[in-house]
Amino acid sequence: MRLTAVLISIGLLAGQSSWAAEAEPKTCVDLTKTGSQATLTGVLRVQLFAGPPNYESIAQGDAEERAFILELPERLCASGGEFISATLPVDRVHVSTTDRAILGVLNATVGKTVTVRGEAFGAHTGHHHAPLVLMASQVTVAGKDR
């Protein structure tokens with residue numbers, strides 16, 4: 001487990017979440033069904049993360065993992081999923097896809113506001129870089145489906 005995850009867990013157990021003073025999320029995504037579809041809008045970014053073997057430092061030899069991160073304008077919650085808790089507000093989503101055309105659209109829209117639709121689930125591996133993961137099946141930019 002990463003040190004940051006441990007510190008976040010300790011902070012939550014101690015009631016010191018950075019969201020404690022802010023309003024509860026207005027929107028909650030229901031993940032109770034397999035293949036739960038979600039549609040989320042935010043600014044798409046690319047971030048680099050340390051990958052295998054230690055998931056700690058690219059500078060110290062871990063593989064570089066590039067991830068699309070959707071920064072949400074408002075926090076939301078996700079409920080019913082095996083790997084996510086409705087008590088943890090979500091402000092970013094790891095967006096991924098296996099579709100080459102959608103991957104091209106994601107690459108072309110980094111830094112823009114996009115709406116992404118796809119299957120949503122809670123992060124559960126070291127390769128998931130946000131609390132919620134969305135496997136994109138559709139991306140909409142400036143009113144155009146791609």
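1. Buried means under 20% relative accessible area, exposed over 50%, and partly exposed in between. The model discussed here is predicted. Asp-91 has a relative accessibility of 25%, so Asp-91 counts as partly exposed.

2. Asp-91 takes part in a salt bridge: its side chain meets that of Arg-92, at 3.5 Å from N to O. Arg-92, with 34% relative accessibility, also counts as partly exposed.

3. A search of the whole structure gives two salt bridges. Another salt bridge joins the side chains of Arg-45 and Glu-71, with an N to O distance of 3.1 Å. This pair links distant parts of the chain, since Arg-45 lies in strand β2 and Glu-71 in strand β3, 26 residues apart. Glu-71 has a relative accessible area of 31% and is partly exposed. For Arg-45 the relative accessible area is 34%, and this residue is partly exposed too.

4. The largest nonpolar core holds 25 residues. Those that touch the most other members are Leu-40, Leu-70, Val-93, Val-95 and Leu-132. At least two residues of this core come from each of β2 (37-50), β3 (64-79), β4 (90-96), α2 (100-108), β5 (113-122) and β6 (132-141).

5. Which residues is Leu-132 in contact with, leaving aside its neighbours within four places in sequence? The contacts of Leu-132 include Leu-31, Leu-40, Leu-76, Ala-78, Ile-84, Val-90 and Val-93. Also in contact with Leu-132 are Arg-92, His-94, Ala-120, Phe-121 and Gly-122.

Note on methods:
Residues are numbered from 1 along each chain as its sequence is written. This is a predicted model: local features need pLDDT of at least 70, side-chain atom pairs count only at pLDDT 80 or more; totals for chains, interfaces and linings use all residues. Side-chain values use heavy atoms; hydrogens and water are left out. A nonpolar core is a set of buried Ala, Val, Leu, Ile, Met, Phe, Trp, Tyr and Cys residues joined through side-chain atoms within 4.5 Å. Buried means under 20% relative accessible area, exposed over 50%, partly exposed in between (1.4 Å probe, protein chains only). Helices (H or I, at least four residues) and strands (E, at least two) are DSSP runs, numbered from the N terminus. Contact means heavy atoms within 4.5 Å. A salt bridge is a side-chain nitrogen of Lys or Arg within 4 Å of a carboxyl oxygen of Asp or Glu.
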